[in-house]
Amino acid sequence: MNKKKKIIIVNVLIGVLALLAVVSVGAVIFAVSHRSDNEEVSSEPEDIVATMDTAASDELKISLDDLQPEIEKIIADVKESVGGDWSVYITIPRTGDVLSINQKKMQAASVIKVFVMGAVYEEYDELTKEYAGYDLDGLIRDMIVISDNDCADLLVSMLGRGDYVQGMNKVTQFCERNGFKNTTMERLMNMDNIYSDNLTTTEDTAKFMLMIYNGKLENSKEMLKLLAEQDRKLKIPAGVPSNVRTANKTGELDDVQNDTAIVYTKYPYIISVMADGVGDYQIPIDAIADISKVAYDYIFDIEEEATWTVK
């Protein structure tokens with residue numbers, strides 16, 4: 001091959017290599033640019049939603065005035081068939097809005113156990129040392145999660161250092177110190193309630209739930225965890241969708257159906273319902289679930305609208 005042909009071939013190869021290099025660089029630039037564009041598009045909606053949620057939470061106001069007639073109608077209907085005194089209290093921690101119906105002292109039944117739990121946790125360290133042979137955590141858990149009466153009575157006796165009367169007084173004193181002014185403990189769970197009983201209100205039970213929700217009582221987180229594990233879900237939890245978390249404590253006697261709960265919606269709310277002196281077992285349970293459902297639907301609808309409220 002002569003020298004002239006070699007030069008031509010070399011120049012062609014150089015040209016081809018140069019062209020390939022330009023194409024490669026262009027492809028890289030396009031890929032980087034394209035990826036950057038995609039990242040901006042995919043992140044933008046998330047940023048907008050976050051901004052809108054923040055704005056909504058600052059201005060959220062949930063009036064419960066229109067909810068009250070719906071609940072009162074359910075109560076009026078159920079009272080025609082089973083009678084009794086009915087009380088309801090709802091509050092939304094984030095906004096401070098409150099709905100209150102017929103506040104009066106009623107039989108607490110097993111709802112008194114949340115106040116026993118609160119009093120025990122105030123003295124948890126001392127009780128753990130003094131009763132080292134007992135599984136204190138297990139006793140508290142069974143009292144709340146499966147509503148075991150024997151565990152509750154033993155814990156009350158421990159509070160009184162063997163004197164159950166003194167233990168009951170300590171539960172009442174715990175209530176007085178923390179502003180649960182209408183709650184008293186006057187009998188053990190396994191005692192007859194002919195001569196004395198444990199009394200509370202829906203406002204006091206809701207206030208207890210509010211205080212542990214806000215971390216204002218000793219071991220609030222542990223109490224919330226136990227209430228979330230409650231195995232009796234036929235009342236307030238039954239009125240909300242199955243994927244909505246709740247933390248609740250029920251109470252029931254032959255003529256009593258109670259429940260108090262935190263419902264974890266976008267802006268969690270607290271609801272307590274008590275029915276005292278009712279003439280049936282199942283009908284009041286279903287009515288509490290109905291009250292819970294109308295409350296959930298009402299609050300959820302307002303929360304959904306508030307999500308799109310921008311300053």
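This is a predicted model: local features need pLDDT of at least 70, side-chain atom pairs count only at pLDDT 80 or more; totals for chains, interfaces and linings use all residues.

Colleague: What is the mean pLDDT of the chain?

Modeller: pLDDT is the predictor's confidence in each residue, from 0 to 100. Here the chain averages 84, and 78% of its residues reach 70 or more. Residues 16-58 have a pLDDT below 50, and this stretch has 17 contacts in the model beyond near neighbours in sequence. By contact I mean heavy atoms within 4.5 Å. Residues 2-10 stay under 50 too, with two contacts beyond four places in sequence.

Colleague: How many helices and strands does the chain have?

Modeller: Both are DSSP runs, numbered from the N terminus: helices are H or I with at least four residues, strands are E with at least two. This chain comes to 10 helices and seven strands. Of its 311 residues, 46% count as buried.

Colleague: Back to Asp 85, then. Which side chain does Asp 85 meet in a salt bridge?

Modeller: The idea first: side chains of opposite charge can pair when their charged atoms come close. The cut-off for a salt bridge is a side-chain nitrogen of Lys or Arg within 4 Å of a carboxyl oxygen of Asp or Glu. Asp 85 pairs with Lys 104, at 3.0 Å from N to O. Asp 85 sits in strand β1 (residues 85-91) and Lys 104 in the loop between β2 (98-101) and β3 (106-107), so the bridge ties together parts 19 residues apart in sequence. Lys 104 is partly exposed as well, with a relative accessible area of 33%.

Colleague: How many salt bridges are there in the structure?

Modeller: There are 11. Another one joins Arg 141 and Glu 229, again at 3.0 Å from N to O. That pair links distant parts of the chain, with Arg 141 in helix α5 and Glu 229 in the loop between α9 and β5, 88 residues apart.

Colleague: Now the strands. How do β1 and β2 run relative to each other, parallel or antiparallel?

Modeller: Two strands pair if DSSP finds at least two bridges between them. β1 and β2 are joined by four bridges and run antiparallel. Together they form a hairpin with six residues between them, and Gly 96 in the turn has a positive phi of about 85°. Across the pair, Tyr 89 stands opposite Ser 100 in β2.

Colleague: And which residues make up the covered face of β2?

Modeller: In a regular strand the side chains alternate between the two faces of the sheet. On β2, Leu 99 and Ile 101 form the covered face, while Val 98 and Ser 100 form the uncovered one.

Colleague: Which residues of helix α9 are buried?

Modeller: In α9 (residues 220-228) they are Ser 220, Met 223, Leu 224, Leu 226 and Leu 227. These cover an arc of only 165° around the axis, which puts them on the same side of α9; the arc is taken over the directions from the helix axis to the C-beta atoms. They pack against α3 (112-122), α5 (136-145), α8, β5 (246-253) and β6 (256-263).

Colleague: How far apart are the end C-alpha atoms of α8?

Modeller: The expected span is 1.5 Å times one less than the number of residues. With 12 residues (202-213), α8 should span 16 Å, and its end C-alpha atoms are 16 Å apart, which agrees. Just after α8, Gly 215 takes a positive phi of about 70°.

Terms used
Residues are numbered from 1 along each chain as its sequence is written. Side-chain values use heavy atoms; hydrogens and water are left out. Buried means under 20% relative accessible area, exposed over 50%, partly exposed in between (1.4 Å probe, protein chains only).
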